[in-house]
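This report goes through a single protein chain, from its overall make-up to individual residues. The sequence and structure come first.

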Amino acid sequence: MSLKFLALEIRRVLRSPRFLIFTVAFPVLLFMLYVGIFGKGDKNVIATLMVSMTSFGAMASALFVGSRVAIERKAGWQRQLRLTPLSGAGYLTAKAATGLTLAIAPVVLVPLAGALVEGVSLGAGSWLRVTLGVWLAAIPFALIGLLIGQIGTADSVQPITQLVMLPMALLGGIFIPIDAMPHWLLQISHVLPSYWMGQIGRGAVTTDLSTGLGQAVLWVAVWTVALGIAVVRRYRKDSARV
């Protein structure tokens, strides 16, 4: 992967007002709004909302990379890159790394708002899970974004992304409390990467830091490998058409 290409990709995205609004400011604003509605001074509820909005922001930021991929496919940019020394693996890795880099903003800003504005207090291990743990759990979503960008068009990529993101957020316990889900719906949510991303963060606000951590890491790894294979196969299929 070319570091210069990665730096170029990040600079291009950071110049997008849509990114700054929806993936940086929006999760923080949602957190503050939900705290005002549901928090009612309960620190446990506020901490849970902080985890949920951190997860949502990381997921949305990582998925954002798909829009750029679809636009580049339409413009023929991918075909031009195949004529350069940059390999397909380097291109895909740079795109996934861009999504993860963008996810840093909500992973830092939402917990910062929780700590400085709402007075959330956690131990060092818990803060590590809410930030680094949730950020690493965003890897499958960067790969989903790549896959959507390879499959969709410049016009359809945003609706497809929304159709993926909203059910993931709802069934993953980000907008609907896990405890409120019926048993059959909970069984479905257990196979989603959004659920396990949330579990990594939610475990940070419980008394036991080991709650579901090993299983969550395993599921994130499984999704990462499966989606990585799917992205590479799709890219090679598109390359064969050129």
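## Basis of the description

Helices (H or I, at least four residues) and strands (E, at least two) are DSSP runs, numbered from the N terminus. The model is a predicted one, in which local features need pLDDT of at least 70 and side-chain atom pairs count only at pLDDT 80 or more, while totals for chains, interfaces and linings use all residues. Residues are numbered from 1 along each chain as its sequence is written, and side-chain values use heavy atoms, with hydrogens and water left out.

## Overall make-up

The protein has 13 helices and zero strands. Of its 242 residues, 48% are buried, where buried stands for under 20% relative accessible area, exposed for over 50%, and partly exposed for values in between (1.4 Å probe, protein chains only). A contact is counted when heavy atoms lie within 4.5 Å. Among the contacts in the protein with a separation of 6 or more, 78% are between residues 24 or more positions apart.

## Annotated transmembrane regions

An unreviewed UniProt entry carries the annotation "transmembrane region" for residues 20–39, 45–71, 92–114, 126–148, 160–178 and 212–232. UniProt positions are given here in the numbering of this model, feature names are shortened, and annotations may be inferred rather than shown by experiment.

Two of these spans can be set against the model. Residues 45–71 are 96% helix and 0% strand, with end C-alpha atoms 40 Å apart. Residues 126–148 are 91% helix and 0% strand, and here the end C-alpha atoms lie 33 Å apart.

The expected span of a helix is 1.5 Å times one less than its number of residues. For the 21 residues of α3 this gives 30 Å, which agrees with the 30 Å between its end C-alpha atoms. Because 17 of its 21 residues are buried, α3 is largely enclosed by the rest of the structure.

K40 is in the loop between α2 and α3 (43–63) and is exposed, at 72% relative accessibility. Its phi is near 50 degrees, a positive value in a residue other than glycine. Most residues other than glycine have a negative phi.

## Aromatic pairs

Rings of Phe, Tyr and Trp (its six-membered ring) pair if their centres lie within 6.5 Å; planes under 30 degrees apart count as stacked, over 60 as edge-to-face and the rest as tilted. The count by this rule is six aromatic pairs. One of them is the edge-to-face pair of Y34 and F175, at 6.4 Å centre to centre and 90 degrees between the planes. Y34 belongs to helix α2 (residues 17–39) and F175 to the loop between α10 (157–171) and α11 (183–189), so the pair ties together parts that are 141 residues apart in sequence.

Y34 is partly exposed, with a relative accessible area of 21%; F175 is partly exposed as well, at 28%. Ring pairs link F26, Y34, F38, F56 and F175 into a cluster.

Helix α7 (residues 104–116) has 13 residues, which should span 18 Å, and its end C-alpha atoms are 18 Å apart, in agreement. Its buried residues are P106, V107, V110, P111, A113 and G114. They cover an arc of only 150 degrees around the axis, which puts them on the same side of α7; the arc is that of the directions from the helix axis to the C-beta atoms.

T131, in helix α8 (residues 124–136), touches V107 and P111, not counting residues up to four places away in sequence. T131 is partly exposed, with a relative accessible area of 23%. A polar atom of its side chain lies 3.5 Å from the backbone oxygen of L128.

## Two further sites

T153 is in the loop between α9 (139–151) and α10 and is partly exposed, at 44% relative accessibility. The C-alpha atoms of T153 and A70 are separated by 5.4 Å, although the two are 83 residues apart along the chain.

G214 lies in helix α13 (residues 213–241) and is exposed, with a relative accessible area of 55%. Its C-alpha atom is separated by 9.2 Å from that of I200, 14 residues apart along the chain.

Note on methods
Polar contact = N/O pair within 3.5 Å; in protein donor to acceptor, adjacent residues only side chain to side chain.
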